Amino acid sequence: MKKALVMLMVVALFAGVLGFTPVRAAEGAIVQITIGSTKATINSKAVVLDQPPLIESGRTLVPFRFIGEAIGAQIGWNPAKKSVSYVLGNKNIVLTIGSVTAIVNGVKTTLDVAPKILPTGRTVVPIRFISESIGAKVDWNATTRMVTVTVAAAKPSWSTPIKIVLSAPFTGSGSILGTYCKGGAQLAVDEINAAGGVNGAKLDLITYDDQANASTAATVVRRALDSDKAVAIFGPNMSAAVLGVHALAQQAKVPMLVGATSPSLRYDTTHNDYLFRLRADDGVKVAQQVKYIVEILKAKKPGIILGSDDYCTSALAVAKQAFEKYGIKIVDIESMKEGDKDVTAQVTKLKNAGIDVLVGLTHEPEAAVVMLKVRQLKLAVPIVGFSAWGVPAFTDLAGDAAIGVISVQGFNPADTDPTVKKFVDAYKAKWGMEPSDPAQCYYDGVYLLKKAIETAGSTDPVKIDEALKTVEYTGVQGLMKCDALHNFTNICYISQFNGKTWKVISKIP
Amino acid sequence: MVLSDLLQNIIGGVTVGATYGLIGLGVVFLWQSIERINFANISSAMLAAYLFYTFYTQLHLGFLVAFVVSIAIIAAYGLALRHLVLEPINRHGGDKLEFVVATLMLCTFWLSVVKVLYGGIAKPFPPVFGEATSFVQIGSISIPSVYFWIFFVVLVLVLVLYVLLQRTMIGKMFRATAQNKEMASLVGINVGMTTSLAFMLSTSIVGIAGILLAPIYFVSLDLGGGPIGVKGFAAAVMGGLIDPLGTILGGLSIGLIENFSTLFISSAYKDVISFVVLVVVLVWKPRGIFNWTTKGD
Amino acid sequence: MPILETKMSEKTEELLRIKNLTVMYNGITALRSISMTVDKGEVVSVLGPNGAGKTTLLRAISGLVKLEVGSSILFSGKEIVGYQPYKIACEGIAHVPEGRQVFPAMSVNENLEVATTRVSRGLRKGRIDSVYQLFSELAGRKNQQAGSLSGGEQQMLAIGRAIASGSELILIDEPSMGLAPIIVQRIFRTLKEIVKETRLTLLLVEQNAKLSLPLSDRIYVLSQGSIAMEGPVAEIHDNQMIQDMYFAKG
Ligand SMILES: Nc1ncnc2c1ncn2[C@@H]1O[C@H](COP(=O)(O)OP(=O)(O)OP(=O)(O)O)[C@@H](O)[C@H]1O
Ligand SMILES: [Mg+2]
């Protein structure tokens with residue numbers, strides 16, 4: 001008892017003299033020593049050794065206690081067997097003084113150099129063997145004669161599920177979108193959980209119906225924050241709903257990853273550090289649409305059919321600017337209201353204005369109304385529609401009238417890229433239907449979140465938020481990386497409808 | 001602007017105008033029968049279209065069965081309107097205004113119900129009146145085949161309604177009930193029955209209109225409110241709320257005004273211009289544009 | 001002169017028998033245990049001051065007001081209490097209400113037509129034509145909207161409607177109200193003609209006793225919801241109270 005107490009005091013003193021406290025394993029460490037010098041650093045902090053490291057038969061030997069404590073292992077000393085042991089995580093190493101045989105996790109291994117007791121009375125051990133056996137990295141700089149041991153942070157393992165919430169419309173004007181949002185997110189969650197989860201913890205996806213409505217979305221987001229304690233929120237998917245709720249996420253300091261595409265959700269407008277966008281925004285898409293019209297179709301006299309709500313008018317603003325940059329004058333803009341079912345006069349005027357391309361900036365049903373009229377009145381120019389013109393909600397209504405329509409899309413399931421194909425196949429297998437925009441962005445989003453949690457090494461929403469700003473992830477939409485506008489991607493497709501599928505004309509970037 | 005463009009626009013305006021008129025007929029009928037304006041008038045069009053879609057496209061019943069069952073349900077709905085909306089209001093001493101408020105809420109209610117049950121995305125209507133992209137070519141003018149159906153049904157409905165209200169005993173009983181319920185009962189008219197029939201006929205007319213218009217409007221929430229509902233009322237107002245023929249002509253005028261104001265002025269002012277015309281008509285001839293015979297009392 | 005139907009036997013026959021009729025409006029009694037009879041072919045006048053309950057009496061017969069328990073109205077021997085108003089009309093009681101109540105947005109002819117629901121289809125036109133013969137003023141205005149008729153014409157139309165219906169009993173409430181004396185006389189002349197020709201039964205509420213009494217067989221005088229006096233015209237006419245009330249020289 002007394003002996004043990006003395007021992008303890010000696011160890012304490014010893015540690016005090018050396019001036020370092022053992023690091024916590026979870027945090028990782030970088031240990032640097034120089035041959036022949038008692039000066040060393042642990043995580044850039046200077047420490048002094050009582051015995052300088054030495055080289056013997058090409059191997060660096062260091063004091064056994066120093067290396068053990070520096071890397072955060074538990075150290076054991078058996079005076080009877082003259083053996084030294086290190087335990088770190090699930091690794092167990094036993095060395096015996098004067099013996100080249102070591103036991104790592106019960107398996108015998110042979111050392112190049114045996115541990116030994118120096119004439120000074122210090123016990124030294126081979127640093128490379130110890131370090132590599134417990135999974136650390138060892139670098140040798142021959143010119144500075146410095147050894148760097150890098151101990152990676154041990155992966156934390158959480159037992160409780162990580163809660164994430166999806167707010168998407170299942171009823172209301174955007175109901176089909178909710179199905180896609182959930183389809184994409186759930187697929188990613190299930191894949192991740194089947195592969196062992198995030199650091200051992202399962203993802204738990206809770207889905208709510210926000211009815212594409214700002215006030216319902218606010219209720220959903222409050223519930224996600226207050227009672228579900230979600231670490232991140234996916235959606236809402238409707239721009240107007242996001243505008244109404246993103247401040248809630250900001251206040252609660254919980255990241256919100258959305259597939260809403262209004263340019264007004266860019267970081268330079270919102271200044272919300274917790275709001276991220278998972279697919280190309282409308283401004284980007286319109287710019288690409290115009291670029292295609294001018295550079296590829298070589299159109300000179302564009303005519304526009306325009307819907308009346310914010311989605312349409314903000315697209316018009318971008319389109320006007322883009323055409324202006326090319327020095328091209330829009331020859332005619334005809335408006336219609338959501339719900340209008342006759343556009344005979346509008347299409348007649350566009351036709352008589354001599355347009356050489358029709359730019360469609362409307363929602364899906366209006367796009368169908370326009371196309372039926374275009375076919376009836378035989379307006380024979382290329383039709384290049386905005387994102388609403390590139391989804392089934394339009395082609396289902398327009399039927400054959402949609403054949404030949406070119407559209408700028410956020411996603412095209414017909415893309416032959418292997419990552420896209422893998423996603424499309426998995427989605428079809430799971431849900432029995434083809435994915436459509438925005439399924440891919442929530443799928444990518446969940447994987448992004450996984451990576452951010454792993455990088456943060458924490459499920460603290462604030463830390464996840466920080467990590468989201470720096471992580472890179474290559475998914476269905478290519479490289480995803482948060483830019484200055486908090487957009488993860490600008491990917492879009494220019495595609496043409498052939499009556500069944502959308503043939504990719506070009507994929508940008 | 002060439003002649004064919006003009007004709008093409010007249011056809012477009014007339015067709016859409018006829019749809020407004022058709023919806024207006026439901027308004028006229030109820031007014032003629034019980035002097036009430038059902039602000040959920042247009043809901044019957046949406047409900048019928050969705051019912052038909054359910055029976056025809058989802059349950060694969062034949063056209064005739066799907067049509068008859070849908071309209072029967074819509075007629076029953078009309079009866080329910082009477083017993084669950086009109087009568088309770090009357091019992092509690094409510095009048096026209098209370099009915100307006102109740103039916104306004106009903107209109108929103110049905111929109112939400114359909115949204116919840118079918119989602120908000122417009123669905124394609126089965127091509128029972130011909131493919132949407134099948135056009136009849138007459139010279140340089142091209143007319144979608146469904147337009148002919150619309151013209152035909154509008155014509156038939158107007159005639160039937162006109163004869164019913166003006167020429168038959170039951171029609172006169174409807175009108176007598178509308179003008180003075182107590183007196184109607186004193187001359188031996190079963191007011192309960194005429195009221196029920198009026199509701200059922202009103203919802204059925206609009207229901208038929210809904211199915212007929214679905215190829216143009218799609219199976220969508222647009223059939224349950226919005227422009228068509230408002231313009232249906234406008235058409236009915238142009239018919240002085242009593243004249244089926246005037247209502248159809250009123251609807252046609254609105255359709256044509258919309259087309260021509262887009263064509264000759266600007267599409268951006270289309271609704272403003274139609275609205276101004278409507279207000280002018282209301283001020284100038286409050287009892288309907290085609291009502292030349294009577295003076296106000 | 002046109003031949004209107006119901007030329008029946010001369011012997012008296014009870015058409016309407018009211019027993020113990022009580023009506024309350026919100027707890028206030030408007031009619032108190034009224035009992036009266038009207039024989040077939042009789043013209044019975046109801047007199048009484050304003051608010052006596054005359055209109056209420058007619059409305060009670062037509063089924064327009066709620067009756068207290070114990071009230072009984074026998075029409076042609078049949079209990080009609082509890083019938084809906086249109087049923088009572090179909091039984092053969094026509095009601096020409098206070099204020100005439102024509103259907104304003106229907107033509108004169110249509111007003112008459114809708115009143116003929118209980119007449120068999122083939123006889124309708126004949127009945128309507130007979131009304132035009134009684135009121136030649138209406139004959140030239142068949143297609144005029146009833147709402148645009150003069151007051152007198154509207155009263156003729158209202159009475160015409162009752163005649164066209166082929167009812168056995170006509171209840172008429174204040175036909176002279178708001179009309180010029182000459183028009184009132186014109187209307188009463190016609191009523192007299194009808195009564196003489198057809199043995200139609202009239203229950204007449206009329207403040208202008210000078211016009212109604214010569215037409216009537218019997219009188220009931222209502223006062224504050226009760227029958228104050230009743231009897232044949234000849235007897236009542238000499239009564240001092242009636243003299244003072246209705247025939248005093250002004
Ligand atoms: N709907 C009603 N609610 C409450 N009280 C009523 C109602 N109708 C009539 N009364 C009352 O019942 C009484 C009888 O009214 P009624 O109209 O029968 O009188 P009247 O004899 O016809 O009078 P007038 O000669 O003025 O027409 C009156 O006191 C009247 O105020
Ligand atoms: Mg009275």
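**The shell around ligand 1**

Guide: The shell around ligand 1 is made up of four nonpolar, six polar and three charged residues. This is a predicted model, and what follows is computed from it or, where said, taken from a record. There are 13 residues around the ligand, and those that come nearest are C:Asn50, C:Gly51, C:Lys54, C:Thr55 and C:Thr56. The largest share of the shell comes from helix H1 of chain C, residues 54–61, which gives three residues.

Some of the surroundings can be followed atom by atom. C:Thr55, one of the nearest residues, places a polar side-chain atom 2.7 Å from an oxygen atom of ligand 1. C:Glu98 also has a polar side-chain atom by the ligand, 2.9 Å from an oxygen atom. With C:Gly53 the backbone takes part: one of its polar backbone atoms is 2.9 Å from an oxygen atom of ligand 1. On its own, ligand 1 has 630 Å² of accessible area, and the protein covers 58% of that.

Chain C touches chain B through 25 residues, which meet 20 residues of chain B. About 2000 Å² is buried between these two chains, and carbon and sulfur atoms give 62% of this area. On the chain C side, the residues that lose the most area to chain B are C:Tyr86, C:Phe103 and C:Val114, together 26% of what that side buries. Chain C has no contact with chain A; the closest C-alpha atoms of the two are 37 Å apart.

Chain B also meets chain A. Of the two pairs of chains that touch, A and B have the most contacts. Here 37 residues of chain B and 33 residues of chain A take part. The area buried between them is about 2700 Å², with 59% given by carbon and sulfur atoms.

In the model, residues 62–85 of chain B are 96% helix and 0% strand, with end C-alpha atoms 33 Å apart. Residues 186–213 of chain B are 86% helix and 0% strand, and their end C-alpha atoms lie 41 Å apart.

Definitions and conventions. Residues numbered from 1 in each chain as written. Chains lettered and ligands numbered in written order. Predicted model: local features only at pLDDT ≥ 70, side-chain atom pairs only at ≥ 80, totals over all residues. Heavy atoms only, no water. Near = heavy atom within 4 Å. Polar contact = N/O pair within 3.5 Å; in protein donor to acceptor, adjacent residues only side chain to side chain. Areas by Shrake-Rupley, 256 points an atom, 1.4 Å probe, with all protein chains shown as cover. Helix = DSSP H or I, 4+ residues; strand = E, 2+ residues; numbered from the N terminus. Nonpolar A, V, L, I, M, F, W, Y, C, P; charged D, E, K, R; others polar. Contact = heavy atoms within 4.5 Å. Buried area = accessible area lost by both parts, 1.4 Å probe.
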